[in-house]
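Please read the numbered points with the sequence and the model at hand.

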Amino acid sequence: MRRMDLSETTRRDLNSQLHALLPNTDETHWRVENPEGQHALAVGLNIPVTVEIAGHAGYYCAGMNSEATVIIEGNAGVGVAENMMSGRVHVKGDASQSAGATAQGGLLVIDGNASARCGISMKGVRIVVKGSIGPMSAFMAQSGTMVVLGDAGDALGDSIYEAKLFVRGTVKSLGADCVEKEVRDEHREELRTLLDAAGLKDEADVGEFKRYGSARTLYNFHVDNAAAY
Amino acid sequence: MCGIVGLFLKDQSLESQLGALLANMLEIMTDRGPDSAGFAIYGSGDVGYRKLTVRGGNLDGIANALGAGIAGIVRDSHLVLSMPAEEEDSVRGWLATERPDLVVIGAGQRIELYKEVGLPAQVTKRFDLAAMAGTHGIGHTRMATESAVTTDGAHPFSTGPDQCLVHNGSLSNHRSLRRMLEPMGMRFATDNDSEVAAAYLTWRLQEGSTLAEALEGSLNDLDGFFTFVVGTESGFAVLRDPISCKPAVIAETDQYVAFGSEYRALVNLPRINRACVFEPEPARVYAWERN
């Protein structure tokens, strides 16, 4: 295992060394000590290595991730796993705003709570939050799946396209064009697969979740709204 | 962008370190606000006495000129005058007549307030913040976006006794609020939007609201983006607007409550590893009072 101590090494050095790794590297396990909330840690990784961040991370940790596994053993700042393409990002504490924003693939697991705008404009990522999510989450979500074991704040799924949202707790309010939908067998199956992938085999019963998605009334311009412009 | 920090001590044994801890927090926030910096410290002060923080040049000799019973400490471009409370009006009157070039930027039983243009590390050094003691303090590093880089535009703003406010964000209805507050007796020293927010809270407190109620009111009456950290003689409060674009992190232990725009600002606080670290929710008032 490679240890990088950020009280002695710069974050740019850390990221450069991670970017220089070749796909056949033997150095597949990295541990980053004393992160102290620094920004842009382990961003832009594109090979299947595991990076453990031993503490709190700042903004955009594991942004643009492909194939790598990034584990944050504390809280994550704004935009964790932003624009992730594939791989896995696991936040053991809470995540700040815009977790998983615009992410196109991979799995983001948050053990604590995620604050406002979790999954904003998500485009295929799978997000599992064991706690609750803040207001305006899944805003303009386009595809992918979000599972929340706790509650959702105001305006969930505002202007949502085809993403699927599963919430076990209460939803404070739904955003424009987001509606509750029937949970069918294929959804229960997908939910089970995702919960298992997030390490929640015995902790969550798929029968307890409600599903939310797009009513699809905002897809096309409606001539009755012409006067509004 | 701006950086804001705050530290409210619960444990008296940390009071001698308040300035040093706050100075470090401010310096870490330099890349959020390299233009200017400022801070308010709630230090010593007896009931029945007042402190005025005065800013300007040629400060030596003012306390002597004011006569017996008035003490003064000069720190760089700031002078803190201490006096029996009943002398406050005559001291203000003397300053207005004899030294109209000076501005009173803070007043109260315990508050002292300092701000200057420059890098936060330079500003904290000029006033020797690291040597200051107190129960709580609030600081700000400014990256000016709406108005010029001047000392007047630096935070904190103090518009009432022992009150101060720092603000990250921008208000869009500050002109109309100012017109509403002026007939209520609020006076403004600058054109800054954050000063209007401070005066709004001062007005609500004067009307009998608690600090928490005053902040609740601001959710209805202020339009714009804000994260506020507010200090009073005995209190400390945090509020974010409902959209909550401006960042905020709180860390709480049995020794202190600390606020930072980012977690980085808090990393050198005592036993931060054992603190409860959380992001304050939008549109929710967080307030603490000293026992």
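At roughly what angle do the axes of helix H5 (residues 174-181) and helix H6 (residues 193-206) of chain B cross? The first point answers this; the model under discussion is a predicted one.

1. The axes of H5(B) and H6(B) cross at roughly 40° and come within 10 Å. Angles under 35 degrees would count as roughly parallel, and 65 to 115 as roughly perpendicular; H5(B) and H6(B) are therefore oblique to each other. The crossing of H5(B) past H6(B) is left-handed. On the side of H5(B), the contact is formed by B:His174, B:Leu177, B:Arg178 and B:Leu181, and on the side of H6(B) by B:Asp193, B:Val196, B:Ala199, B:Tyr200 and B:Trp203. Sorted by class, this contact comprises six nonpolar, one polar and two charged residues.

2. H6(B) also packs with helix H7 (residues 211-221) of chain B, at an angle of about 130° and with the axes 9 Å apart. This angle makes H6(B) oblique to H7(B). The crossing here is right-handed. H6(B) contributes B:Ala197, B:Tyr200, B:Leu201, B:Arg204 and B:Leu205, which meet B:Leu211, B:Glu213, B:Ala214, B:Gly217, B:Ser218 and B:Asp221 of H7(B). Six nonpolar, two polar and three charged residues make up the contact of H6(B) with H7(B).

3. Helix H1 (residues 18-28) of chain B calls for a separate remark. Of its 11 residues, 10 are buried, so the helix is largely enclosed by the rest of the structure. The buried residues are B:Leu18, B:Gly19, B:Leu21, B:Leu22, B:Ala23, B:Asn24, B:Met25, B:Leu26, B:Glu27 and B:Ile28. Their cover includes strand S1 (2-9), strand S2 (36-42), helix H4 (120-126), S8 and strand S13 (256-260) of chain B.

4. The domain assignment divides chain B into domain 1 (2-44 + 120-289) and domain 2 (46-109). The centres of these two domains, taken over C-alpha atoms, are separated by 24 Å. Where the domains of chain B touch, 10 residues of domain 1 are in contact with nine residues of domain 2. The domain 1 side of chain B consists of five nonpolar, one polar and four charged residues.

5. B:Gly108 belongs to strand S6 (residues 103-108) of chain B. Is B:Gly108 buried or exposed? With 23 other C-beta atoms within 10 Å, B:Gly108 is buried, because 20 or more such atoms are required for that class. Beyond its neighbours within four places in sequence, B:Gly108 is in contact with B:Lys51, B:Pro161, B:Asp162 and B:Glu233. B:Gly160 lies 52 residues away along the chain, yet the C-alpha atoms of B:Gly108 and B:Gly160 are separated by 8.0 Å.

6. B:Arg92 is placed in helix H3 (residues 88-98) of chain B. This residue is partly exposed, having 16 other C-beta atoms within 10 Å. B:Arg92 and B:Leu52 are 40 residues apart in sequence, and their C-alpha atoms are 8.9 Å apart in space.

7. Most residues other than glycine have a negative phi, and most peptide bonds are trans. A:Ala42, in the loop between strand S2 (29-33) and strand S3 (50-54) of chain A, has a positive phi near 55°. B:Asn58, in the loop between strand S3 (49-55) and helix H2 (62-66) of chain B, has a positive phi of about 50°. A:Ala42 is buried, with 27 other C-beta atoms within 10 Å, whereas B:Asn58 is exposed, with 10. The peptide bond from B:His155 to B:Pro156 is cis, with omega near 0°. B:Pro156 lies in the loop between strand S8 (136-142) and strand S9 (164-171) of chain B.

8. A last point concerns the two chains. Their contact takes 13 residues from chain A and 10 residues from chain B. On the chain B side, these are six nonpolar, one polar and three charged residues.

Technical notes
Residues are numbered from 1 along each chain as its sequence is written. Chains are lettered from A and ligands numbered from 1 in the order in which they are written. This is a predicted model: local features need pLDDT of at least 70, side-chain atom pairs count only at pLDDT 80 or more; totals for chains, interfaces and linings use all residues. Helices (H or I, at least four residues) and strands (E, at least two) are DSSP runs, numbered from the N terminus. A residue is buried if 20 or more other C-beta atoms lie within 10 Å of its own, exposed if 12 or fewer, and partly exposed in between; C-beta atoms are placed from the backbone. Two residues are in contact if their C-beta atoms, placed from the backbone, lie within 7 Å. Axes are lines fitted to C-alpha atoms, for helices over the stretch in contact, and angles run from 0 to 180 degrees between N-to-C directions. Angles under 35 degrees count as roughly parallel, over 145 as roughly antiparallel, 65 to 115 as roughly perpendicular and the rest as oblique. A crossing is left-handed if the near helix is turned anticlockwise from the far one by less than a right angle, and right-handed if clockwise. Ala, Val, Leu, Ile, Met, Phe, Trp, Tyr, Cys and Pro count as nonpolar, Asp, Glu, Lys and Arg as charged, and the others, Gly among them, as polar. Domain bounds come from an automatic or database domain assignment.
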